[in-house]
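Here is a short briefing on one structure.

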Amino acid sequence: PKTDIVFLKVHKSASSTVMNILFRFGETHNLTFAFPQGGGFQLYYPHHFLAKFVQGFSPQSPRQFNILCHHMRFLQPEVQKVVPSSAVYFSILRNPVQLMESSFVYYKGASAFSRVRSLEEFLSQPYRYYSPASGDRHYAKNLMTFDFGFNPDGEVSPERVQLMLKAIEASFDFLLISEYFDESMVLLKEMLCWDLDSVVSFPLNSRDSSTKSPLPDSVVEKLKAWNRLDWEIYTHFNRTFWERIDRDIGRERLRREVRALRQRQAELARTCLQGTGSVAPKDIKDSSLRPLQHGGARILGYNLKQGLDQELERTCRRLVTPELQYSSFLYKKQFPPQPP
């Protein structure tokens with residue numbers, strides 16, 4: 001199994017669920033994480049990543065870590081300073097239309113969104129609300145482009161788009177697609193030589209469907225045009241994702257593996273969870289399992305069954321521990337507080 005990993009955690013793309021998979025794998029195999037300085041949750045995002053943002057890194061005695069997976073704005077020469085050269089690089093993408101709808105609800109406080117009531121209103125005159133000079137502009141335009149380290153306001157010429165796609169291909173071994181999450185997990189397992197249980201997950205940081213509304217076609221087209229760079233990235237890597245599946249796995253085996261993954265997840269859900277799945281934040285009984293609520297979204301969580309034996313309780317708890325709590329737990333384990 002591969003143990004040196006860089007995961008570019010793209011916002012609002014099921015990346016918290018992938019992060020939970022990496023946290024569990026790292027904890028099980030006693031791997032080290034490149035944590036943000038002081039145990040924060042982002043590597044000085046939205047600044048481009050620098051090695052010095054990582055706790056325990058110093059240029060004098062450069063220390064390398066197994067897994068880099070916290071939010072960052074990608075800058076490969078700096079990333080290479082903190083992970084071994086053998087590291088596997090991957091990320092996950094989401095359809096930019098749904099991504100922006102999610103971003104609008106989640107980052108409602110962002111300067112571009114704070115004065116509008118709806119996405120439609122924003123898109124009717126985007127430059128009335130959106131300023132390329134504002135520090136949080138990336139939440140409102142080409143968010144994936146920005147996370148990969150490029151300029152979200154860059155011009156959209158065929159040459160520039162090609163350069164960007166080539167640069168991503170040169171840096172990343174593969175990109176997953178969140179709309180095909182289970183298929184992506186089968187590919188991840190294949191590329192990292194992991195076993196099935198390592199890529200099992202329950203959806204984390206997901207939003208209550210009551211805050212989601214379908215978008216009219218006219219809005220969808222405007223969203224694609226507004227996020228044109230993201231759209232180019234997404235359509236290109238959605239295509240290469242399926243080419244990769246056909247080449248490395250094949251559709252027949254893919255179907256079998258997806259079925260096995262879903263059966264295992266259903267089995268774990270029956271074993272671990274009270275009720276049938278995720279619940280509203282107010283209904284989560286164990287406060288340590290309550291996810292951070294943000295913007296206008298209602299982020300769902302889980303209740304564990306009572307009376308599980310110790311080993312099973314541990315497995316189940318890890319599967320449903322929200323990102324911030326899990327990150328803090330692993331940080332304290334890796335950098336134990338010094339006694340006074």
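Ser-16, Met-19, Asn-20, Phe-23, Arg-24 and Glu-27 in α1 meet Glu-323, Tyr-326, Ser-327, Phe-329, Leu-330 and Lys-333 in α13. By class, this contact of α1 with α13 has 5 nonpolar, 3 polar and 4 charged residues. The model is predicted.

**Packing of α1 on α13**

- Helix α1 spans residues 15-28, and helix α13 spans residues 323-334.
- Their axes come within 10 Å and cross at roughly 25°.
- Angles under 35 degrees count as roughly parallel, and α1 and α13 are therefore roughly parallel to each other.
- The crossing of α1 past α13 is left-handed.

**Phe-25 in α1**

- Helix α1 also holds Phe-25.
- Phe-25 has a relative accessible area of 4%. Buried means under 20%, so Phe-25 is buried.
- Beyond its neighbours within four places in sequence, Phe-25 is in contact with Pro-1, Lys-2, Thr-3, Leu-31, Trp-194 and Ser-198.
- Phe-25 and Thr-271 are 246 residues apart along the chain, and their C-alpha atoms are separated by 20 Å.

**Nonpolar core**

- The largest nonpolar core has 112 residues.
- Leu-68 and Phe-122 touch the most other members of this core.
- Not counting residues up to four places away in sequence, Leu-68 touches Ile-5, Val-6, Phe-7, Ala-34, Leu-43, Phe-49, Val-79, Val-82 and Val-83.

Key: Residues are numbered from 1 along each chain as its sequence is written. This is a predicted model: local features need pLDDT of at least 70, side-chain atom pairs count only at pLDDT 80 or more; totals for chains, interfaces and linings use all residues. Side-chain values use heavy atoms; hydrogens and water are left out. A nonpolar core is a set of buried Ala, Val, Leu, Ile, Met, Phe, Trp, Tyr and Cys residues joined through side-chain atoms within 4.5 Å. Buried means under 20% relative accessible area, exposed over 50%, partly exposed in between (1.4 Å probe, protein chains only). Contact means heavy atoms within 4.5 Å. Axes are lines fitted to C-alpha atoms, for helices over the stretch in contact, and angles run from 0 to 180 degrees between N-to-C directions. Helices (H or I, at least four residues) and strands (E, at least two) are DSSP runs, numbered from the N terminus. Angles under 35 degrees count as roughly parallel, over 145 as roughly antiparallel, 65 to 115 as roughly perpendicular and the rest as oblique. A crossing is left-handed if the near helix is turned anticlockwise from the far one by less than a right angle, and right-handed if clockwise. Ala, Val, Leu, Ile, Met, Phe, Trp, Tyr, Cys and Pro count as nonpolar, Asp, Glu, Lys and Arg as charged, and the others, Gly among them, as polar.
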